[in-house]
Amino acid sequence: MKNKYQVVPQAAAKKPAKAEVSDAAFRRRLKNISEWRKKRLALRHE
């Protein structure tokens, strides 16, 4: 069991390069996500 005072060194995390996303693709994904959220919220309130 780890002691809460014991510090565990984390590996140096290198972030991957950002993927180039066109503005149209970004907006399309955003719209899909918002539609999915609306459906999920509607299901929870039934």
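How many residues apart in helix 1 are Arg27 and Asp23? They are 4 residues apart, so about one helical turn separates them.

1. Basis. This is a predicted model; local features need pLDDT of at least 70, side-chain atom pairs count only at pLDDT 80 or more, and totals for chains, interfaces and linings use all residues. Residues are numbered from 1 along each chain as its sequence is written, and side-chain values use heavy atoms, with hydrogens and water left out.

2. Fold. The chain has 1 helix and 0 strands. Helix 1 covers residues 23-44. (Helices are DSSP runs of H or I, at least four residues; strands are runs of E, at least two; both are numbered from the N terminus.)

3. Salt bridge. Searching the whole structure gives 1 salt bridge. Arg27 and Asp23 form a salt bridge through their side chains, at 3.7 Å, N to O. (The term means a side-chain nitrogen of Lys or Arg within 4 Å of a carboxyl oxygen of Asp or Glu.)

4. Exposure. Arg27 is exposed, at 51% relative accessible area. Leu30, also found in helix 1, is partly exposed at 44%. Of the 46 residues in the chain, 2% count as buried. (Buried is under 20% relative accessible area, exposed over 50%, partly exposed in between, with a 1.4 Å probe and protein chains only.)
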